[in-house]
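Please walk through this model helix by helix.

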Amino acid sequence: MFIKPEFFEEFKCKASECRNTCCKGWEIDIDPISLNRYLNYEGKFGKKMKDSITFQDEEFCFKTDESGRCPFLRKDGLCEIIIEKGEDELSDICALHPRFFYDIKDISYSGFGMACEVISDKIVNELKNNDLIFIVEDTKDDGDLCQKNVTLKEVHEYNRKMDEALNDTEFCFSFLDFLLTKGIFKEESIYAIISSIEPIDEQWVEELKAVKGVSFDLISIKENPSLCAALNRIYQYIFFRSMGSCYDEEMDQIDIQRYSGLDHFAAYNTELIYLLFKANKDNEGKYSLSDAARRWSAQIEYASETVQDLLKNVYMVKKI
């Protein structure tokens with residue numbers, strides 16, 4: 001069985017039109033098969049390729065410049081590897097980004113990271129429904145492929161059927177419902193954990209500091225239907241994305257403690273994204289809610305160990 005967002009097949013990289021390239025500010029690892037190809041390139045491009053590869057943190061990767069740019073990111077925003085050799089020559093991490101994949105027992109999940117502006121814009125601005133819709137693909141006994149659309153609550157039901165221990169967990173699948181029934185987080189320890197993560201850049205440090213000076217205004221959110229819907233989609237996305245961090249592959253079982261914190265984790269980080277937007281926006285609209293979601297994703301979403309730690313603790317904190 002496969003579960004993915006309804007827009008999964010629609011994704012298309014903006015390439016040179018991207019305002020926030022994924023070819024800058026990230027460590028770009030090279031998988032062994034791609035490395036073997038790259039080391040066999042010949043000529044001037046082959047020399048540049050060999051000169052651009054380094055070994056650090058037990059991984060082969062591309063050397064980036066002082067600003068964190070990949071050596072093959074051209075000034076026009078295009079990839080020199082694609083221009084010279086074709087898209088099939090990209091290493092796995094470049095070919096798959098911003099897609100993610102995870103398994104929970106017999107179910108395979110896939111989606112996208114919101115660090116990609118295509119995806120953050122899609123979730124925040126382009127989708128109009130209050131809820132995210134997911135596609136479930138399964139093969140019938142006769143071999144035919146069956147597809148149907150489901151909500152996040154129905155996605156959770158598939159996991160619950162696989163693990164009876166989840167029967168004792170109760171979740172809010174709507175951000176507004178969570179706020180109205182479980183409250184707003186004001187927990188310094190969670191903020192402290194997030195603040196302790198190595199920052200992606202100095203700008204993030206300043207953006208996060210600014211959050212301390214603003215308050216979460218539930219009334220204004222309730223009175224703004226489009227904002228409320230956008231925050232709900234962010235909330236549901238984080239919930240869906242974080243389910244993969246709740247599965248213990250070695251034990252082949254769902255970590256109930258982490259899973260039990262999913263809606264609290266999603267709520268806290270949705271609140272944080274809203275506060276990032278509220279604290280850092282200006283009159284010219286240079287910092288949007290989509291930007292806040294993208295920045296959060298780049299800093300938090302990919303810190304897998306931190307996400308697991310937060311999931312274990314965040315549902316236990318006191319809320320008001």
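The model is predicted: local features need pLDDT of at least 70, side-chain atom pairs count only at pLDDT 80 or more, and totals for chains, interfaces and linings use all residues. Residues are numbered from 1 along each chain as its sequence is written, and side-chain values use heavy atoms, without hydrogens and water.

Start with helix α13 (residues 262–280) and helix α14 (residues 289–301). Their axes come within 8 Å and cross at roughly 125°. Axes here are lines fitted to C-alpha atoms, for helices over the stretch in contact, with angles from 0 to 180 degrees between N-to-C directions. The pair is therefore oblique, the class left after under 35 degrees (roughly parallel), over 145 (roughly antiparallel) and 65 to 115 (roughly perpendicular).

Which residues in α13 meet α14? They are Asn269, Leu272, Ile273, Tyr274, Leu276 and Phe277. On the α14 side stand Leu289, Ala292, Ala293, Trp296 and Ile300. Contact means heavy atoms within 4.5 Å. The residues of this contact divide into 10 nonpolar, one polar and no charged.

Now turn to helix α5 (residues 117–126). Eight of its 10 residues are buried, so the rest of the structure largely encloses α5. Buried means under 20% relative accessible area, with a 1.4 Å probe and protein chains only. Among the buried residues are Glu117, Asp121 and Lys122. The cover over the buried residues of α5 includes β5 (107–112), α11 and α14.

Helix α11 (residues 225–242) is itself mostly covered. Of its 18 residues, 16 are buried. At 1.5 Å a residue, α11 should span 26 Å, and its end C-alpha atoms are 26 Å apart, which agrees.

Methods. Helix = DSSP H or I, 4+ residues; strand = E, 2+ residues; numbered from the N terminus. Nonpolar A, V, L, I, M, F, W, Y, C, P; charged D, E, K, R; others polar. Expected span 1.5 Å × (residues − 1). Buried < 20%, exposed > 50% of the residue type's maximum accessible area, 1.4 Å probe, protein only.
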